[in-house]
Structure formats: structure tokens, C-alpha cells
Amino acid sequence: MDQEQQQLNGAMRNVSINTNGLATNLNGHSGSSKGGSSDETDNVRVHSAAAVSGGSGSGSAVGTSKATNAAASAATATNANANANAFQIQTASAADKKKMVYELCQQLLLTDEQVQELTYRILHELRRGLAKDTHPKANVKCFVTYVQDLPNGNERGKFLALDLGGTNFRVLLIHLQENNDFQMESRIYAIPQHIMIGSGIQLFDHIAECLSNFMAEHNVYSERLPLGFTFSFPLRQLGLTKGLLATWTKGFDCAGVVDEDVVQLLKDAIARRGDVQIDICAILNDTTGTLMSCAWKNHSCKIGLIVGTGSNACYVEKVEEAELFDGDHSKPHVLINTEWGAFGDNGALDFVRTEFDKDIDSHSINPGKQTFEKMISGMYMGELVRLVLAKMTQNGILFNGQGSEVLFTRGLFFTKYVSEIEADEPGTFTNCRLVLEELGLSNATDGDCANVRYICECVSKRAAHLVSAGIATLINKMDEPHVTVGVDGSVYRFHPKFHNLMVEKITQLIKPGITFDLMLSEDGSGRGAALVAAVACREDLVNSK
């Protein structure tokens, strides 16, 4: 029972239980005492060691015997306490269990003071990323995108978009028309495994072949069309149409591409075919595409935000603030890709990270990296909830201490479950029970369901408040009277409360006199890419006159 006692106590640090008038404090045990205090197991260790080392001959034997008896008595008492504590928790009233859940979840809720401190720290990191001297060591890189012009609604014509970011890629044909109207046709193409790990020439020849087939199928084979290229891999951008691959991710390992200009590699592949005429006008990431897609319909859109599998933001910055920008300084602004998912990699978020965040990080494929993203995005939100549920279950607070194999298995509490559970009407648990049944937990009480929903709400609210701190910081830095934020991503799109949580918190954090709104993006990586190409063509046309 010693192991059960340590699990119980370690899990319920500083949580107070009141049952039948009994107040039992469960404090975390560790090898060394903290703050000068020690618990029963510490006393057992100290007394036993002192007795064994104290004296020689028969006196030593007597001392050892007494110490052994004392240790055995203390151990028995500890086991009895463990049994009593476990019994008290499992037999506690629903109200007491609710209080225990509430207490443990407080570490997941951010105070107003903590959120305000976050805005100061985010601004500091943004400035480090923008400045030439501090950029190399900055976590929030604030990469220059070289996009300087937003859509004005006058873009017309046919444009291609190529969206490459995983094991499939999309080709789109978008016809921009008057009155913010457009027609769009698209097709998804697979990338075979042997090409994903083959040569760069194979990869880009495959893409060029699919582009050619697409243009033939859509009767634009003989037309010369501009193309916007969404490339969702780490990229060091050197111009609107020049970007060097930093490293492959997502299972790709094509030889001869790292540190090469991926736009030039695609141009070369198209030229090798010689059958279609495509002008690659821009390379971008999906965050920039989100902003551009929204700006076409809403000209006050100056921030793009992704809250999905990952999280990132881009915004319109003054060129004098972007010290690494070596483009056209006659234009006042340039889009900055913050790559804010890495905020906190230097410890700046440690003051609000919990044991659950540290667990997520240590078991991730990139420990110590993307700290901010791991506290927000859909890749991790479900697992954060699962870790809390597992701890509460192991401590007897949830499900009468009876978990399931699925609950105790990493990665099997999906983020969509959080949205589904929170979509239940107040006082009803229809979705919650369906989710719990999928987890093999069919005997949950209404109290269990209410506690599960509260845990989900704490995790998702914290994510929304973290994102809001970032967006409010950008809005305040831009200091414009009104800003629209274009938003995309599965968490924002499907979570029933995320939008309202963000609106409420951003409103609290922005400067007096500034207004904002959040706008759901439509296909940022597709239509947004075409719009970047359209704006580039518009500018080329203006400059040629």
C-alpha cells in the first residue's frame, strides 16, 4: 500500500478533504522536505537511519531492534492512514469531490494579473524577434514574409494555388470576380511514400505533373496563370518568391532540398516538362493565407491567427520596426509571421505552466520546443484533459477510482471530445456520456460528468486566454483604431465557446478606444495563396505602367 499512498499523496498536493467533520490534508511526499516540513515517511527514514548508526555492541543491537520496531509501527500507521484517506475520498459526498476537482483545477486557470504579465512578456519576445541584434537568439522569430500589400477587392482574374503541407497536396483554380465573388475548383493529390523519402527532383516533378494534369482537366492548359504557393514547412524566406527549406518535418525526407530555394525547385520542375505556363508569384504559410483570405472581404483585417492542430499568428507591422526587412521601404508596412508557438521555450511561460504541461512536453516528439503551442493547440488539448482525468481517477475522486485502459493510454482522449462535452446544454450530459462510453467508462454519475465538463472548461478557457493575450498584445502594438482578426483552425472553428472566450478576454486587455472583431477565415491556405498571387500581379501591373 506504500506505493498507493505515495500516488495518492503526490497527486493531491495541498488539497483539503472534509468528510463527516474530518479534515485530512494530503500533502505531496518527496525524498527531501520542502519548507522545513516533513511527513510520516520522512520521519520513518530519519528515525531508522539514526537508530541504526547510533552505537556499537549490544547497545547498537538494542537500538537497531527498537528502531526497526518503531519503523514497522510507523509503516503500519502510514498504511492505515492511506487506507483511511483512500476510503474517505471514495466515500466523500458529491459536493466534496466537486470541491477537490475545483481545487486541483485552479492551477489551470489564469488570474487577471498573470494574463497581464503574459502580455508584457509576449511584447518583449516580439521585439526580440524583430530586432536584428536579438533575432538570432529569439524564440518568437517574427519572420519577414515580404508581403506588403493586402487585397483591396479589385483583384480580378484566374489564379492557381498550390497547398503543400502534408502527405497530400491541393491544387486550386480560383476565379476572382466583382463584388467579392469568386469561383473555386480544387483537387487533392497524394504523395506516395517513396516520393516523400526520395529525391527533391522526384517530389517537384510529381507536383509539376499534377499541376499539368489539373490545368488540362480544367481547360486552362494553354493559359499563362499566376500561382501562389502555400508551403507549410519551416522556411527561411528571403523574398516574396524565394524561401529556403530549413528542415523537413511531417515524415518528409527528400534529398537535395534542405537549404535550397523551394520556389526555384518548383520552377525547374515545371520547366523540365515544358508543357504549361505558370508564374509563381509568392510563397507563404497558412497564417499569412488566413489574413489575406479575410482581408479580401474585410479591408480592416490586419492579423491572421491559426488555432488548430498548431497555433501561430501574423500581423501587419511598420517596416521601420522590422529591422531584418531588406525589401521596399517606400511602402510603410510588411506582414510579419511571428511563429509564436515557440514563445516560452526560454522559460518565459514557466510561471503559468503546470505539472500537466510538463508531462505533455516530456512525452512529445520535440521536448522543450513549441511551449506556447502545447498549452493551446488541438494537438495537445485532449491529452491535457486526459492527464487531469487520469490523476483524479487514480485518486478516487472520479468514477469511484475505477478508470479504463483507454483513459490511462496516451493520446486516446481526442480534442474533439472537449468540444463535444462542452456543447452539452447546462445540466445535461448527453455528449459527455457518449464520450465516456467510448473511453470505456459507462458507470459515470451525474457528478462525474459535471466534473469532467469542468475540467474540459478549465483547459479550453486557459487556451483561449493564452491566445487572447497574444492577440491583444498585437492589437495594442499596432495601435490602430479598429482591427479585424482573421481566424482559422479546428479548435476555433469547432469549439462552442472559444470565440466568445476570446472576445471577452481581448476586450479586457486592449487599450481604451481601440475596437476589434474576429472573423472566421475561409480556406486561408488555398484562397489566401491565390490572393497573395493576385495582389502581387496587381502590383506588377501598376509598376509596369
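## Salt bridges

The structure holds 25 salt bridges. The model is a predicted one. Side chains of opposite charge can pair when their charged atoms come close.

One of the salt bridges joins Asp-279 to Arg-224, with 3.0 Å between the closest N and O atoms. This pair links distant parts of the chain, since Asp-279 is in strand 10 (residues 277-284) and Arg-224 is in strand 7 (residues 224-231), 55 residues apart. Asp-279 has a relative accessible area of 30% and is partly exposed. Arg-224, at 52% relative accessibility, counts as exposed.

## Lys-477 and its two partners

Lys-477 forms a salt bridge with Glu-317, and here the closest N and O atoms are 2.7 Å apart.

Glu-321 sits in the loop between strand 12 and strand 13, while Lys-477 is in helix 15, which places the two 156 residues apart. Are these two residues buried or partly exposed? Glu-321 counts as partly exposed because its relative accessibility is 34%, whereas Lys-477 is buried because its relative accessible area is 15%, under the 20% limit.

## Helix 5

Helix 5 runs over residues 112-130 and has 19 residues. From its first C-alpha to its last it reaches 27 Å, close to the 27 Å expected at 1.5 Å a residue.

Which residues of helix 5 are buried? They are Val-115, Leu-118, Thr-119, Ile-122, Glu-125, Leu-126, Gly-129 and Leu-130. These residues lie on the same side of helix 5 because they cover an arc of only 135° around the axis. An α-helix has 3.6 residues a turn, so residues three or four places apart point the same way. The exposed residues Glu-113 and Tyr-120 are carried on the face of helix 5 turned away from its buried side.

The buried residues of helix 5 are covered by elements that include strand 12 (311-318), strand 13 (333-337), helix 15 (446-478) and helix 17 (498-509). Arg-121 lies over the face of the Phe-351 ring, 4.1 Å from the ring centre.

## Aromatic pairs

The count of aromatic pairs comes to 14. In one of them, Trp-248 and Phe-252 are stacked, with 5.3 Å from centre to centre and 20° between the planes. Trp-248 is buried, at a relative accessible area of 9%, and Phe-252 is buried too, at 5%. Trp-248 and Phe-252 belong to a cluster linked by ring pairs, together with Phe-229, Phe-231 and Phe-233.

Another pair is formed by Trp-340 and Phe-372, whose ring centres are 5.6 Å apart. The planes of these rings stand at 90°, so the pair is edge-to-face. Where do its two residues lie in the chain? Trp-340 is in the loop between strand 13 and helix 10 (355-362), and Phe-372 is in helix 11 (residues 371-374). The pair links distant parts of the chain, 32 residues apart. Trp-340 counts as buried at 3% relative accessibility, and Phe-372 counts as buried at 1%.

Terms used: Residues numbered from 1 in each chain as written. Predicted model: local features only at pLDDT ≥ 70, side-chain atom pairs only at ≥ 80, totals over all residues. Heavy atoms only, no water. Helix = DSSP H or I, 4+ residues; strand = E, 2+ residues; numbered from the N terminus. Expected span 1.5 Å × (residues − 1). Buried < 20%, exposed > 50% of the residue type's maximum accessible area, 1.4 Å probe, protein only. Arc of directions from axis to C-beta. Contact = heavy atoms within 4.5 Å. Phe/Tyr/Trp six-rings, centres within 6.5 Å; stacked < 30°, edge-to-face > 60°. Lys NZ or Arg CZ within 6 Å of the ring centre and 35° of its normal. Salt bridge = Lys/Arg side-chain N within 4 Å of Asp/Glu carboxyl O.
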